[in-house]
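Dear colleague,

I am handing over the structure we spoke about, and I would be glad if you could look it over before reading my notes. The sequence and the model are shown just below.

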Amino acid sequence: MVRIALLGAGRIGAMHAANIAASKRATLRCVYDVHLAAAQKVAKTHGAKVAPSVEAALADADVDAVLIASSTDTHVDLITASAKAGKAILCEKPIDLSIDRVEQCRRDIEGTGVPIQLGFNRRYDASHRGVREAVARGEIGNLQQLIITSRDPGLAPMDYMKVSGGIFRDMTIHDFDLARFILGEDPVEVFAAGSVMIEPALAEIGDVDTAMVVMKAPSGALVHINNSRLAVYGYDQRVEAFGSKGMVQSENLRSSSLRRWTAHATDAQEPLLHFFIQRYAQAYLDELNEFFDVVADGKEPSVGFEDGRKALILADAAWESLRSGESVEVSYD
Ligand SMILES: NC(=O)c1ccc[n+]([C@@H]2O[C@H](COP(=O)([O-])OP(=O)(O)OC[C@H]3O[C@@H](n4cnc5c(N)ncnc54)[C@H](O)[C@@H]3O)[C@@H](O)[C@H]2O)c1
């Protein structure tokens with residue numbers, strides 16, 4: 001049994017806690033949150049202890065691993081403390097909003113030898129992973145174009161938007177990682193365009209709600225990511241890879257496979273699955289299962305700190321491009 005300390009018991013932390021508690025391979029040993037009531041609620045639901053502090057959770061010899069699901073600005077400190085305490089880490093994305101802090105963290109944890117898995121859950125989605133596998137097997141020949149559509153079903157509150165780091169670091173970061181995963185190589189050029197089409201208040205904080213990013217990989221393959229903060233029909237998550245021998249697509253999941261063809265309607269009538277917790281439910285479970293393999297069997301995480309660092313570098317390049325109107329060459333050094 002993998003014994004886990006959960007650090008951060010908000011929206012995604014509560015979901016992970018439920019998944020850990022439901023697993024036969026792990027137990028939720030303790031929960032810590034700066035907001036005590038949040039920790040108490042999650043701990044009580046799953047019969048875990050409330051840790052009085054991060055230090056107490058990390059000093060607990062009955063804790064094998066930590067799951068960091070606290071606010072983004074706390075990840076670096078918690079990764080560093082957990083790595084120094086020798087606990088395996090599953091940390092939610094992004095590592096941080098500042099690449100300087102990420103680089104400092106990388107130096108601080110060097111040599112600890114602690115495995116770090118990063119919560120890029122979309123890599124664990126069976127359909128998106130199927131696209132990666134088809135590309136890697138050469139099924140579509142040379143990959144020429146990768147198109148990722150990622151549109152949210154609703155705007156997050158403005159208080160969240162103000163500290164989110166902007167659309168590229170908060171939202172597109174998943175797509176930057178998915179692009180690297182499917183390409184199997186690191187983009188070297190980024191061009192981004194963005195507009196405020198949905199929430200005018202975003203202009204006041206220098207953010208956008210509608211964005212398109214074009215990237216070029218060393219092989220010449222082109223990537224197009226398109227994001228919107230508001231799709232009225234639901235959470236729109238699609239991937240298309242096009243190559244010299246064909247095309248492979250990962251479509252939206254539907255709650256039913258029923259389709260209608262009548263004089264008035266030609267497709268399913270139900271809305272798309274609501275948001276990430278529903279759409280990627282199985283992916284979060286598979287992500288956690290890999291983490292159990294990492295902790296219990298010494299498996300290397302398939303997505304780790306370096307992937308988080310590179311996704312943030314791409315997000316920063318997208319901001320630079322948006323501001324300058326020029327395409328930006330990317331270096332990962
Ligand atoms: N992978 C995904 O699909 C996904 C989805 C949503 C959120 N996230 C990420 O998960 C993280 C949490 O997001 P959320 O939506 O659950 O936010 P949230 O605000 O609902 O929860 C964050 C929790 O962290 C707690 N917290 C703050 N500082 C802390 C500290 N120092 N130690 C312990 N707890 C602390 C807060 O009190 C709060 O309960 C963010 O980094 C976010 O980017 C990832």
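What follows is an account of the sheet, the core, the salt bridges and one surface patch.

Please keep in mind throughout that this is a predicted model.

I begin with the sheet, which is open and consists of seven strands in the order β12-β11-β7-β10-β9-β8-β13, with mixed pairing. At its edges stand β12 (246-250) and β13 (328-329), and because each has a single partner strand, one side of each is left without a neighbour in the sheet. Within the sheet, strand β8 (residues 189-195) and strand β9 (residues 210-216) run antiparallel and are joined by seven bridges, and in this pairing G194 stands opposite A211 of β9.

The largest nonpolar core has 101 residues, among which I79, F168 and F176 touch the most other members. Helix α13 (residues 305-324) supplies the largest share of this core, namely nine residues. If residues up to four places away in sequence are left aside, I79 touches I68, I89, C91, I95, C105, I109, I116 and F305.

Turning to charged side chains, the structure holds 27 salt bridges. One of them joins R29 to D60, with the closest N and O atoms 2.9 Å apart. This pair links distant parts of the chain, since R29 lies in strand β2 (residues 26-32) and D60 in the loop between α3 (54-59) and β4 (65-68), 31 residues apart. R29 is partly exposed, with a relative accessible area of 26%, whereas D60 is buried, at 14%. Both residues also belong to a network of salt bridges that links R3, R29, K49, D60, D62 and D64.

A second salt bridge, between the side chains of D125 and R279, has an N to O distance of 2.8 Å. Here D125 sits in the loop between β6 (116-119) and α6 (126-136), while R279 is in helix α11 (residues 276-279), 154 residues apart; both D125 and R279 are buried.

In a third, the side chains of R151 and D236 meet at 3.0 Å, N to O, and this pair connects strand β7 (residues 143-151) with strand β11 across 85 residues. R151 is partly exposed, with a relative accessible area of 22%, but D236 is buried, at 1%.

Finally, on the surface, L155, L230, V232 and Y233 form a nonpolar patch with about 370 Å² of accessible area together. Of these, L230 lies in the loop between β10 (222-228) and β11 (236-243), and L230 is partly exposed, with a relative accessible area of 35%.

With kind regards

Note on methods: Residues numbered from 1 in each chain as written. Predicted model: local features only at pLDDT ≥ 70, side-chain atom pairs only at ≥ 80, totals over all residues. Heavy atoms only, no water. Patch = residues over 30% accessible without salt bridge, like charges linked within 9 Å, V, L, I, M, F, W, Y side chains within 5 Å. Areas by Shrake-Rupley, 256 points an atom, 1.4 Å probe, with all protein chains shown as cover. Salt bridge = Lys/Arg side-chain N within 4 Å of Asp/Glu carboxyl O. Helix = DSSP H or I, 4+ residues; strand = E, 2+ residues; numbered from the N terminus. Buried < 20%, exposed > 50% of the residue type's maximum accessible area, 1.4 Å probe, protein only. Core = buried A, V, L, I, M, F, W, Y, C linked by side-chain atoms within 4.5 Å. Contact = heavy atoms within 4.5 Å. Pairing = 2+ DSSP bridges.
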